[in-house]
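Here's a quick tour of a structure for someone meeting it for the first time. Have a look at it below, then read on.

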Amino acid sequence: MERPIAYDKLAREDRLVRMRAREVAQLKIDQGLPPFPDLLSPDAIKERVHGIMVGELQAMEGAGRTVYDFPDAPWEFTMDMARQVWDESRHVEIYVRLLEHLDGYIGEFPETTILWRCACAEDAAARVAGVNRGLEGLACDVFNQLVHIARKMGDPILERAVDYVLADEITHVRMGSKWLTRLTEGDPERRRRAIEFQETIDERFNLGGIRREGPHEMVPISIATEARREGGFTDEEIARLIRTTQRSAVY
Amino acid sequence: MSHPLAGHLEVDDSARTVRHYRYAVERMTRILGGWIALTPELSAKLLMGRHVWDNAQHADAWGKRLPELRAAAQVSEPASAGLVAFMDALEEAEAPGETIERLVAVYRVLKPHLLATYEAHLARANAVYEPPTCRILARAIEDERRHITAGETVLRHLLRSPELERRAHAREVRLWTLLHASGGVTGTEPVTRASAEAATAPLSDDAAEFIRLERSTTEWRIAPELAAALAALGEALVAGDPTAVRRWLSAETVPGPEVTARLGDARGGRHRVVAFARVGAHRLVKLRIDGPAQPITLLMRWVSDGADWRIAALETVSASAVQPA
């Protein structure tokens with residue numbers, strides 16, 4: 001098997017429509033819609049849940065590739081990534097069922113593959129920094145807010161299920177924090193490159209200022225400070241993330 | 001009757017056997033992980049996703065057992081060059097259309113062989129001084145039975161035609177021949193395989209549910225006017241009528257040369273909608289045409305002007321998966 005694979009080899013059933021994130025955002029803007037679904041209507045929540053579902057799918061695929069792509073990495077690293085594959089595959093099931101709960105279906109919205117592209121980094125340290133800390137960190141932000149909104153809406157199914165997924169995601173962030181350190185021990189240059197990669201992902205997923213510090217009802221994606229701390233982010237890192245969201249250009 | 005302290009393996013031989021198990025299981029773990037991204041069907045993706053972790057835990061348990069047998073921890077060792085060749089052959093099915101080959105390799109060849117090997121080992125292991133090994137064997141046996149049952153369920157779901165059955169059989173025969181020639185996972189035992197008749201209930205790997213999720217998109221809510229437009233476009237394409245096709249294009253939409261060239265392949269085929277997504281008021285539709293030539297899948301963006309639906313963009317995309325049953 002090829003190792004690693006090109007990002008365009010990601011296999012999909014026909015029922016999913018794949019599009020560039022930029023193209024989807026532009027189509028929405030052209031129609032006077034926000035580029036990223038807010039959480040202000042049931043339809044927007046459904047679209048957000050669909051986006052998370054395909055993200056979980058890609059996270060499972062990415063973690064699976066990490067198990068395969070790095071046979072020389074420490075065995076404990078492989079174990080953590082294998083565990084993550086299992087978690088993500090359960091998350092896919094959870095989000096497909098939540099889609100059903102919200103009267104949606106797989107393929108109702110286009111799939112963008114930014115997450116998968118990030119999961120194709122060639123260095124294991126960059127991959128855990130980008131995916132486990134950058135993207136799973138974003139997942140903590142998004143899920144934390146979704147739990148809050150579900151509670152407010154009085155939807156205990158959504159609230160409970162997403163809260164369990166959030167707990168798993170914090171674990172994945174923690175794995176990322178641990179392996180970023182261990183894999184780059186004695187190699188500050190590798191660490192610097194991995195962190196830089198994570199920062200480019202953070203920057204990209206600030207989504208033109210959509211992710212911000214603030215109350216769940218007031219900002220499209222609020223930064224989950226507590227969950228991030230539990231995942232091993234330092235206060236300095238969280239402060240830096242907040243600063244970068246403030247300087248992101250509006251899409 | 002043999003003495004209760006009689007055994008069939010020396011300590012060093014036991015460690016070697018454990019390293020052989022670990023080789024097969026570790027490689028299987030990595031291969032399944034790598035295949036997930038290359039496999040289109042949701043049921044198979046979820047199946048592999050669930051089993052990667054169980055397999056990793058088996059490899060880990062074998063690896064941790066090794067120092068207890070005076071050997072280095074977490075070391076894998078193939079039993080023979082033939083087994084390496086078998087695993088290489090198992091791994092080679094990586095095209096999106098080869099899900100059947102992937103599942104057959106793991107769930108009809110390797111896992112049934114591992115199960116038979118573990119069962120034979122457990123039956124012979126000494127109950128007084130080998131319980132640490134027996135416990136790992138017992139857990140792995142239970143998991144492998146469950147895995148084989150789940151894998152077989154997904155395989156039966158995907159094997160929808162005699163041609164696919166033929167491919168599955170050919171794959172099984174080829175790999176089984178290689179495995180047999182290799183001497184199997186341990187290199188010392190008769191190469192056998194076991195069925196999973198005594199499988200326990202699913203444990204987070206309910207294959208029937210994976211299949212249900214794969215089939216969950218049963219119908220799309222397509223506005224009647226758009227449904228009529230899609231049907232008319234499909235008919236125009238299979239009739240090879242470019243004038244009737246152009247009727248559905250917006251004034252600004254000009255198909256590229258690649259699309260135009262492929263449209264000729266649609267003549268005489270059958271058309272059906274295979275994806276229906278939305279971006280705001282726009283609708284993204286995949287229309288698949290299976291005809292005498294290669295299948296074509298058109299991805300179109302349809303926009304309504306209030307009275308009529310028109311195609312604002314279209315392109316051909318590759319079809320990489322079998323359709324949900």
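**Strands of chain B**

In strand β2 of chain B, B:Leu284 is the bridge partner of B:Ala277. Before going further, note that this is a predicted model: local features need pLDDT of at least 70, side-chain atom pairs count only at pLDDT 80 or more, and totals for chains, interfaces and linings use all residues. Residues are numbered from 1 along each chain as its sequence is written, while chains are lettered from A and ligands numbered from 1 in the order in which they are written.

**How the strands pair up**

- Strand β1 (residues 270-279) of chain B runs antiparallel to β2(B), with nine bridges between them; strands count as paired if DSSP finds at least two bridges between them.
- Helices (H or I, at least four residues) and strands (E, at least two) are DSSP runs, numbered from the N terminus.
- B:Leu287 has B:Leu298 in β3(B) as its bridge partner.
- Five residues sit between β2(B) and β3(B), which form a hairpin too.
- Seven of the nine residues of β2(B) (residues 282-290) are buried, so this strand is largely enclosed by the rest of the structure.
- Buried means that 20 or more other C-beta atoms lie within 10 Å of a residue's own; exposed means 12 or fewer, and partly exposed is in between, with C-beta atoms placed from the backbone.

**Domains and a loop in chain B**

- Chain B is split into domain 1 (11-214) and domain 2 (224-317), with bounds from an automatic or database domain assignment.
- The centres of these two domains, taken over C-alpha atoms, are 44 Å apart.
- B:Glu197 is found in the loop between α6 (162-182) and α7 (207-214) of chain B.
- B:Glu197 counts as exposed because it has 8 C-beta neighbours inside 10 Å.
- From B:Glu197 to B:Arg145 is 52 residues in sequence and 7.6 Å in space, C-alpha to C-alpha.

**Chain A at a glance**

- Chain A has nine helices and two strands, in the order α-α-α-α-α-α-α-β-β-α-α along the sequence.
- Its C-alpha atoms fill a box of roughly 50 × 40 × 35 Å along the principal axes.
- Of the 251 residues in chain A, 55% are buried.
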